Amino acid sequence: MRILNGPYVWARLGSARFMATAASAKPRLPQTVIEKVVQKYAVGLPDGKIVKAGDYVMIRPEHVMTHDNTGPVISKFKSIGATRIENPRQTVFTLDHDVQNKSEKNLAKYANIEAFARQHGIDFYPAGRGIGHQVLVEEGYAFPHTLTVASDSHSNMYGGMGCVGTPIVRTDAAALWATGKTWWQVPRMVKVELRGKLAPGVTGKDVIVALCGSFNKDEVLNAAIEFTGEGVAGLSIDDRLTIANMTTEWGALVGVFPVDETLFNWYEQALNKLELRTFSTSMSIPPPPEHQRINRRRLDLLHATNLQSDMDAEYSSHLIFDLSTLVPHVSGPNSVKVSTPLPVLEDARIAIQKAYLVSCTNSRVSDIAAAAAVMKGNKVAPGVEFYIAAASSVVQQESEKLGYWDTLIASGAKVLPAGCGPCIGLGTGLLEEGETGISATNRNYKGRMGHPKAQAYLASPAVVAASAVKGFICGPASLDPTHLPPVGTPTFSLVANASSNSAVSSSAAEEPLYPGFPSTFSGRLLFAPQDNLNTDALYPGKYTYQDDITLERQAQVVMENYDTSFAALAASLLKQQTPLSASENTKQGVVLVSGYNFGTGSSREQAATALKAAGIPVVIAGSFGDIFKRNAINNGLVCLESPDLVQDLTDAYAKDGKRGAGGKSGELTVNAGHKISISMVNGTVTVTGFGDGEKNYSIGTVGASVQELWVCGGLEGFILKSIQASS
């Protein structure tokens with residue numbers, strides 16, 4: 001069992017000299033292109049220090065974006081005592097998630113966000129302009145070889161533009177507003193080499209759906225992916241954006257494509273459009289003002305300083321994928337870890353009731369064009385509702401100009417405003433109980449797009465459109481089987497390099513307890529025998545943007561999409577505990593144990609705060625999604641990894657000895673009467689109640705940085721303490 005150590009934040013990060021790997025005198029330590037970009041944006045490094053995977057660094061990103069969650073970030077910003085934005089040009093607001101909500105409460109929320117932006121001189125994009133990630137691409141905030149972060153899990157999408165995009169959480173965003181900086185642990189590096197060329201009718205969506213399904217054992221969990229190989233050149237920028245977007249679902253923190261001629265050509269076209277954005281035709285009329293971020297000078301500089309990975313750069317693993325062996329794939333139902341060749345599902349004739357062409361994943365002009373080509377001359381099947389929403393207002397305008405939008409409307413598609421909508425489970429057209437839907441979005445977790453008892457599949461825009469026409473999951477008539485490779489598992493290989501970077505912080509040495517941190521955590525043990533327990537399961541999306549929801553209410557709905565009885569069970573166990581004396585330095589509560597990749601999914605910090613509010617001070621898992629881990633550290637929830645304990649509980653209580661189907665009696669949460677005690681002093685975990693008595697497991701001790709955050713109540717409290725100390 002090992003502890004997931006947190007950062008040495010703020011003052012410590014700024015002065016600690018061990019936070020980056022020491023460089024040799026000569027030659028220079030080799031770096032990947034991702035490490036080189038992070039090096040550019042790392043601050044407080046001693047001269048000669050070379051950033052490598054595993055290092056904790058203080059970063060000053062080029063930009064930080066928040067969306068509808070800007071409201072809670074404003075509250076955090078004010079609560080830590082901050083009064084001014086450190087760098088207004090760094091900050092971007094985009095309203096995109098709940099844009100269908102015209103209630104007085106939501107409109108007031110949006111108005112308050114806009115007022116805050118105006119007060120502080122922050123770039124602001126109102127509801128209707130589009131999904132934030134697409135806006136950042138269109139407006140040049142996500143620019144090649146920059147580091148841009150956002151308080152949203154799909155920040156990975158910027159990697160399609162050669163930008164290192166990675167998610168942060170709300171508390172990080174508030175810290176960035178106040179200081180311009182935050183902490184980051186550089187992930188392990190994974191090289192994904194794409195070979196060959198896609199067959200006609202196979203898309204970038206099929207690539208990432210197949211990768212998520214073929215490599216579903218945490219091969220890229222919490223990694224930074226660098227896409228390479230001759231196969232990249234054949235992928236359009238829209239395909240790259242789709243693939244990078246869904247590296248989040250694959251488990252990665254970053255997914256970056258190279259800056260090549262395909263990307264430079266994309267920017268040349270963007271420049272041409274910008275130059276034609278006025279009605280001027282006379283030479284005497286001056287040209288329009290230069291765009292702040294997409295302009296000739298910046299592109300020329302990029303040409304001259306194009307970064308590449310060093311030949312001997314280190315990667316934790318090297319994955320090779322042959323694009324020419326891929327047929328269209330469909331993800332699901334209700335899991336991105338399951339993907340099936342389209343011809344197999346076609347034979348099953350799975351009926352659908354709803355289809356969706358929405359989201360930042362697949363609702364750009366090329367996607368809308370692909371769907372329109374399928375829908376032209378056809379109608380949406382009886383009993384099917386087909387919803388469309390452009391990724392941005394710019395996308396919709398161009399699609400209208402080219403005739404694609406009208407084609408979809410004429411076929412019977414229902415138009416939604418440019419925004420997230422059904423993808424996040426908000427607004428019109430959600431899946432109802434017993435329904436099946438197919439979507440061009442990025443997530444099909446149970447309950448995310450509607451009722452927990454609905455079925456959701458993911459596919460390319462053309463497959464979604466064809467399914468809407470036929471009323472069952474199928475491919476378009478234009479998909480010629482004779483031009484496709486044989487149906488089966490695509491060709492791939494994976495080589496792990498155990499000696500290379502593994503993203504283990506150099507600060508993991510044992511340290512004494514920080515004053516006020518418990519020497520022991522103890523309580524009853526609950527076991528959720530499930531891998532990939534995602535944030536939608538931990539905290540349903542329908543509550544995420546209810547900014548006034550109390551911690552008490554969060555505790556009542558925690559795990560609702562996984563097990564509706566969980567909250568009540570945890571509360572009953574807490575009531576049964578015998579209070580300890582004040583002299584005992586022990587924190588009591590319920591300890592939750594689950595499987596691997598716990599907390600995968602979105603950046604909602606309520607997934608962590610709801611567990612903590614429910615009386616769960618510690619979560620033990622086989623592994624964690626990094627965004628959840630970050631939220632947990634920032635909010636004082638302790639995360640420990642213990643594969644041995646997880647396996648023992650799986651063998652003893654999981655149905656058929658495997659995680660994924662609940663307990664032996666069908667219960668989703670197993671309460672077998674175990675008690676657990678976790679020593680933070682000597683690293684011993686003791687579990688009582690097994691048939692042969694008690695079992696002991698070993699853990700690493702928790703570093704003082706995490707302990708101090710816990711004592712302060714999280715990162716927000718730590719920053720407040722620091723501001724007060726410096727005033």
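The largest nonpolar core of this predicted model holds 71 residues. Within that core, Leu194, Trp250, Phe321, Phe386, Leu408, Ile438 and Ile473 touch the most other members.

Leu408 gives a view of the packing around one member of the largest core. Apart from neighbours within four places in sequence, Leu408 is in contact with Leu357, Ile368, Ala371, Ala372, Met375, Phe386, Ile388 and Ala413. One of these partners, Phe386, is itself listed with the residues that touch the most other core members.

The next feature to trace is a sheet. Five strands form an open sheet in the order S12-S11-S10-S13-S21, and their pairing is mixed. Strands S12 (254–256) and S21 (492–496) are the edges; each has a single partner strand, so one side of each is left without a neighbour in the sheet. From one strand to the next, the twist averages 15°.

At the S12 end of the strand order, S12 pairs with strand S11, residues 223–228, in the parallel sense, and three bridges join the two. In one of the pairings between residues, Glu226 has Val256 of S12 as its bridge partner.

A helix accompanies this part of the sheet. Helix H2, residues 33–41, lies across S10 (188–195), S11 and S12. Relative to S11, helix H2 runs at about 120°. Strand S10 also takes in the position of Leu194, one of the residues named above for touching the most other members of the largest core.

Key:
Residues numbered from 1 in each chain as written. Predicted model: local features only at pLDDT ≥ 70, side-chain atom pairs only at ≥ 80, totals over all residues. Heavy atoms only, no water. Core = buried A, V, L, I, M, F, W, Y, C linked by side-chain atoms within 4.5 Å. Buried < 20%, exposed > 50% of the residue type's maximum accessible area, 1.4 Å probe, protein only. Contact = heavy atoms within 4.5 Å. Pairing = 2+ DSSP bridges. Helix = DSSP H or I, 4+ residues; strand = E, 2+ residues; numbered from the N terminus. Axes fitted to C-alpha atoms, helices over the stretch in contact; angles between N-to-C directions.
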